[in-house]
Structure formats: structure tokens, C-alpha cells
Amino acid sequence: RRAVRAFAEHGRHRTQGATGILILVAPFEHEVVVLADRGVNRRLDPDKSWEEVVELVLSGIRVGDGASGIVAGVERCGEILSHPLPPQDEPRDEIPRSLVIEE
């Protein structure tokens, strides 16, 4: 529920093609959640899973390098989406590419 709320609160749903993605890392709960907006979910191969992204993030955390795990997870998201949602000729940032830390 927190991931769904964070997706809306941080405006990840405010893209023209509904292509926002959120990776939520909840260290105290030992949980990583990947949420994609409806535009991604409509185009994504049903056999693709965000579990690989989750595992990359968790792997980094397990070895004490959460940052590299998050970077690997974000890169994998880009790879997964490169075919169903190829980059545009003139890419534009509709939402901030940022790390949000909540307490």
C-alpha cells in the first residue's frame, strides 16, 4: 500500500504516456517493490517480471552496497522496457529522476 501511495504522492503517474516507474526500498521491512504505471503495464511482455529488478536491488543491499543495487535495478528496468517502449528521438523528462528519502 505504501508503494502505491508513494507512486501518486511523488507524481510518478504524471507522464504523457503513463510510463512512470517507482522502485520502493523499505529497509526496515526488508522489502523492495517495483510499480509501473498503466502505460508500461499495457506494453510489457506478460512473461517479464519485476522480480529480477527486485533481486538486483536486494543483492546490492545484501553486500552492503545498496546504491549499486539500485543502479543495477534501474538499468535493468531500462533494458526490460527498451523494446516495448523504445527511447524517443528527443527524450524529455516529464518527472524528476530523483531519489526520494522518506522517514
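This is a predicted model: local features need pLDDT of at least 70, side-chain atom pairs count only at pLDDT 80 or more; totals for chains, interfaces and linings use all residues.
Colleague: Let us start with the overall fold. What does the secondary structure of the protein chain come to?

Modeller: The chain has four helices and two strands. From the N terminus on, the order is α-β-β-α-α-α.

Colleague: Why are α3 and α4 called roughly antiparallel?

Modeller: Look at the angle. The axes of α3 (residues 51–62) and α4 (residues 66–81) cross at roughly 165 degrees. Angles over 145 count as roughly antiparallel. Therefore α3 and α4 are roughly antiparallel to each other.

Colleague: How close do the axes of α3 and α4 come, and what is the hand of the crossing?

Modeller: The axes come within 6 Å. α3 passes α4 in a right-handed crossing.

Colleague: Which residues make the contact?

Modeller: From α3, they include Glu 52, Val 53, Leu 56 and Val 57. From α4, they include Ala 72, Arg 76, Cys 77 and Ile 80. The residues of this contact divide into eight nonpolar, five polar and two charged.

Colleague: How do you know that Arg 76 is buried?

Modeller: Its relative accessibility is 16%. Buried means under 20%. So Arg 76, at 16%, counts as buried. Arg 76 lies in helix α4. Leaving aside neighbours within four places in sequence, Arg 76 is in contact with Lys 48, Glu 52, Val 53 and Leu 56.

Colleague: And His 30: what makes it exposed?

Modeller: Set the value against the cut-off again. The relative accessible area of His 30 is 71%. Exposed means over 50%. His 30 is therefore exposed. Its place is in the loop between β1 (21–26) and β2. His 30 also has a positive phi of about 55 degrees, although it is not a glycine.

Colleague: What makes up the largest nonpolar core?

Modeller: Twelve residues in all. Among them are Val 32, Val 34, Leu 44, Trp 50, Val 57 and Leu 81.

Colleague: Which residues is Leu 44 in contact with, leaving aside its neighbours within four places in sequence?

Modeller: Leu 44 is in contact with Trp 50, Ile 80, Leu 81 and Pro 84.

Colleague: How much of the protein chain counts as buried?

Modeller: Of its 103 residues, 29% count as buried.

Key
Residues are numbered from 1 along each chain as its sequence is written. Side-chain values use heavy atoms; hydrogens and water are left out. Axes are lines fitted to C-alpha atoms, for helices over the stretch in contact, and angles run from 0 to 180 degrees between N-to-C directions. Angles under 35 degrees count as roughly parallel, over 145 as roughly antiparallel, 65 to 115 as roughly perpendicular and the rest as oblique. A crossing is left-handed if the near helix is turned anticlockwise from the far one by less than a right angle, and right-handed if clockwise. Contact means heavy atoms within 4.5 Å. Ala, Val, Leu, Ile, Met, Phe, Trp, Tyr, Cys and Pro count as nonpolar, Asp, Glu, Lys and Arg as charged, and the others, Gly among them, as polar. A nonpolar core is a set of buried Ala, Val, Leu, Ile, Met, Phe, Trp, Tyr and Cys residues joined through side-chain atoms within 4.5 Å. Buried means under 20% relative accessible area, exposed over 50%, partly exposed in between (1.4 Å probe, protein chains only).
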